[in-house]
Amino acid sequence: MKKLVALMAVLALSVSMIGCGAAEVESEVAESSVAVSEVVESEAVDAPAFEEAKSEGVMTYAEYVAAPLDSEVVIETYVQAKQSWWDNKGTFYTQDAEGAYFLYEMACTEEEYNQLVPGTKIKVTGYKAEWSGEVEIIDATYEIMDDNTYVAEAKDITASLQADDLIKYQNIFAAFKGMVIEPSFNADGEEVPFLYKWDGSGQDGDDLYFNASINEQPFNFCVESYLTGAGTDVYEAVKALEIGQTVDMEGFLYWYEGPNAHITAVSVVE
């Protein structure tokens, strides 16, 4: 609501200044501070080029974040990426103008899963849950809404990686820039740029784990094999990384005992 009021104020000011040849008016929207299981205050983390009112009975993002765990939630959101389908259940990364939602094993046939392409607007009913810090919606059903579409641009949150309120960006499509590849250690104690599985026990085709730092503080990142597996550009790019390289990355800010972004693109900048 705060964001809508701010936007209306900007529009009114812009119209009143057209005849005076005034400079373009810009506004910024305050961001939220969200804990894993409770809300201090919540507003949009990013916004598309349009604003939409929620349908009757549908939660705002702030209401969703404030809802207690295990309670029923009803949201409207847009598919951003699909992680996997199995046994008539699909897992999705989704986002709207206010925030992001991770839909874990939502009921859908394989045909329906294939139809839920990025940008598709859906209404989701399910239950809010948490697993190792990752807040998600489980036991969900959905219906496709109108023809509006939205695919989020990556929001640069590099400067927020060291902030206490990083979790307010959980699950959004994010950018991480100027990160330095740090060593991981294999079973023999040798320095390597990445590991197959978190402990190095895997093989080609498994998840890739690697460390990258900003201001000398390392963070762990993952290439989720179900989302972007062997043979994809990002999977092969991470396999080619070298310790000490500086990279720009994009991915979804998944959470596992802390930030564990699922990276979808990597490019070496130096």
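The model is predicted, so local features are described where pLDDT is at least 70 and side-chain atom pairs count only at pLDDT 80 or more, while totals for chains, interfaces and linings use all residues. Residues are numbered from 1 along each chain as its sequence is written, and side-chain values use heavy atoms, with hydrogens and water left out.

Rings of Phe, Tyr and Trp (its six-membered ring) are taken to pair if their centres lie within 6.5 Å, and a pair is stacked with planes under 30 degrees apart, edge-to-face over 60 and tilted for the rest. The count by this rule is 13 aromatic pairs. In one of them, the ring centres of Tyr93 and Phe102 are 5.2 Å apart and the planes meet at 65 degrees, so this pair is edge-to-face. Phe102 also pairs with Tyr254: here the centres are 5.4 Å apart and the planes are at 70 degrees, so this pair too is edge-to-face.

Buried here means under 20% relative accessible area, exposed means over 50%, and partly exposed is in between (1.4 Å probe, protein chains only). Phe102 is buried, at a relative accessible area of 2%, and Tyr254 is buried at 9%. Tyr93 is buried as well. Together with Phe173 and Phe252, the residues Tyr93, Phe102 and Tyr254 form one aromatic cluster.

The hairpin has 4 residues between E4 and E5, and Gln95 stands opposite Ala100 in E5.

Gln80, in strand E3 (residues 72-86), is buried at 8% relative accessibility. Its contacts (heavy atoms within 4.5 Å) include Tyr93 and Phe252, as well as Gln95 and Ala152, not counting residues up to four places away in sequence. The side chain of Gln80 comes to 2.8 Å from the backbone nitrogen of Ala152.

Attention now turns to the nonpolar cores, each a set of buried Ala, Val, Leu, Ile, Met, Phe, Trp, Tyr and Cys residues joined through side-chain atoms within 4.5 Å. The largest nonpolar core has 30 residues, of which Phe176, Met179, Phe210, Phe221, Val238, Met249 and Ile263 touch the most other members. Two or more residues come to this core from each of strand E9 (173-182), strand E13 (208-214), strand E14 (217-223), helix H4 (233-239), E15 and E16. Apart from it lies another core, of 21 residues, including Val65, Ala67, Phe92 and Leu103. Within the largest core, Val238 touches Phe194, Leu208, Phe210, Val223 and Val266, not counting residues up to four places away in sequence.

Finally, Pro193 lies in the loop between strand E11 (191-192) and strand E12 (195-196). Pro193 counts as buried, at 18% relative accessibility. Its C-alpha atom is separated by 6.7 Å from that of Glu182, 11 residues apart along the chain.

Key: Polar contact = N/O pair within 3.5 Å; in protein donor to acceptor, adjacent residues only side chain to side chain. Pairing = 2+ DSSP bridges.
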